[in-house]
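The sequence and the structure are shown first, and the discussion follows.

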Amino acid sequence: MALPINLLRWYAQALAKYAVFTGRAGYREFWSFVIVTLATLYALDDWGSSASPWRHAYSAYVCFLLMPSLSITVRRAHDINLRAWWLLLWIVVPILLFIGSCYLENFMFPVPYDEDPEMIDEPFCVLPLLVIFVVWPLLFILLIGFLCFPGTKGTNQFGPAPREAGASPKDDNASMP
């Protein structure tokens, strides 16, 4: 099944603005980028396996997508009138919780030593696992939920609405800028 041409134009527009962190990205541009990126990564999934000779190309493609992904997510946050600093909530909070829970787990449940100091009976660290498998996914769902909100109508502190700024791709066969 071929992807609709407008979806690919929105994707190309997002890639063309790979380092633009100002302004706003509409929801069609954002979700088109997400859908095409996920479809491409799924289609190329075998290339990422350790047995594939193309694994380095796959890894390079994933690294190439980091900057445009960050850029369009920041601009989408601007569209719903959020500062980009809110995106750090998704990155910094789990890291701090993980580090704190490791410290707390070791503080509350010190490693007991037997007669032989070589024998260390390490306790199972539950709190970091809760952070990784519960808190981080919940913050991710919260982030996706925020990005699903409709954009602010009219001009907000980050600029005009994407439609007002002429951000929609043309329906004709003109090339992308």
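A residue is called exposed when its relative accessible area is over 50%, buried when that area is under 20%, and partly exposed in between. The model discussed here is predicted. Because the relative accessible area of Cys 63 is 51%, this cysteine is exposed. Cys 148, at 40% relative accessibility, counts as partly exposed. Across the whole structure, a search finds zero disulfides.

## Overall architecture

The chain contains five helices and zero strands. Read from the N terminus, its elements follow the order α-α-α-α-α. Of the 177 residues in the chain, 25% are buried. Among contacts between residues at least 6 apart in sequence, 74% join residues that are at least 24 apart.

| Helix pair | Angle between axes | Separation of axes |
|---|---|---|
| H1 and H3 | about 95 degrees | 9 Å |
| H1 and H2 | about 100 degrees | 8 Å |

Helix H1 covers residues 5-16 and helix H3 covers residues 55-79; they pack at an angle of about 95 degrees. Angles of 65 to 115 degrees count as roughly perpendicular, so H1 is roughly perpendicular to H3. On the H1 side the contact is formed by Tyr 11, Ala 14 and Leu 15, and on the H3 side by Tyr 61, Phe 64, Leu 65, Pro 68, Ile 72 and Arg 75. By class, the residues in the contact of H1 with H3 are eight nonpolar, no polar and one charged.

H1 and H2 pack at about 100 degrees, and these two helices are therefore roughly perpendicular to each other as well. H1 contributes Leu 7, Leu 8, Trp 10, Tyr 11, Gln 13, Ala 14 and Leu 15 to this contact, while H2 contributes Arg 28, Glu 29, Ser 32, Phe 33, Ile 35, Val 36 and Thr 37. Nine nonpolar, three polar and two charged residues make up the contact of H1 with H2.

Arg 9 also lies in helix H1. With a relative accessibility of 10%, Arg 9 counts as buried.

## The largest nonpolar core

Which residues touch the most other members of the largest nonpolar core? Among its 13 residues, they are Tyr 11, Phe 33 and Ile 72. The elements giving two or more residues to this core are H1, helix H2 (27-43), H3 and helix H5 (126-148).

Once neighbours within four places in sequence are left aside, Ile 72 is in contact with Ala 14, Ala 25, Glu 29, Phe 30 and Phe 33. Ile 72 is also one of the H3 residues that meet H1.

His 78 lies in helix H3. Is this histidine buried or exposed? At 7% relative accessibility, His 78 counts as buried. Leaving aside neighbours within four places in sequence, its contacts are Phe 21, Thr 22, Gly 23, Arg 24, Ala 84, Asn 156 and Phe 158.

Thr 22, one of these contacts, is placed in the loop between H1 and H2. In contrast to the buried His 78, Thr 22 is exposed, with a relative accessible area of 61%.

Most residues other than glycine have a negative phi. Asn 81, by contrast, has a positive phi, near 65 degrees. This asparagine lies in the loop between H3 and H4 and, at 35% relative accessibility, counts as partly exposed.

Ile 99 lies in helix H4, which spans residues 88-108. Its relative accessibility is 53%, so Ile 99 counts as exposed. The C-alpha atoms of Ile 99 and Pro 128 are separated by 7.7 Å, and these residues are 29 apart along the chain.

Notes:
Residues numbered from 1 in each chain as written. Predicted model: local features only at pLDDT ≥ 70, side-chain atom pairs only at ≥ 80, totals over all residues. Heavy atoms only, no water. Axes fitted to C-alpha atoms, helices over the stretch in contact; angles between N-to-C directions. Helix = DSSP H or I, 4+ residues; strand = E, 2+ residues; numbered from the N terminus. Parallel < 35°, antiparallel > 145°, perpendicular 65-115°, else oblique. Contact = heavy atoms within 4.5 Å. Nonpolar A, V, L, I, M, F, W, Y, C, P; charged D, E, K, R; others polar. Disulfide = S-S within 2.5 Å. Buried < 20%, exposed > 50% of the residue type's maximum accessible area, 1.4 Å probe, protein only. Core = buried A, V, L, I, M, F, W, Y, C linked by side-chain atoms within 4.5 Å.
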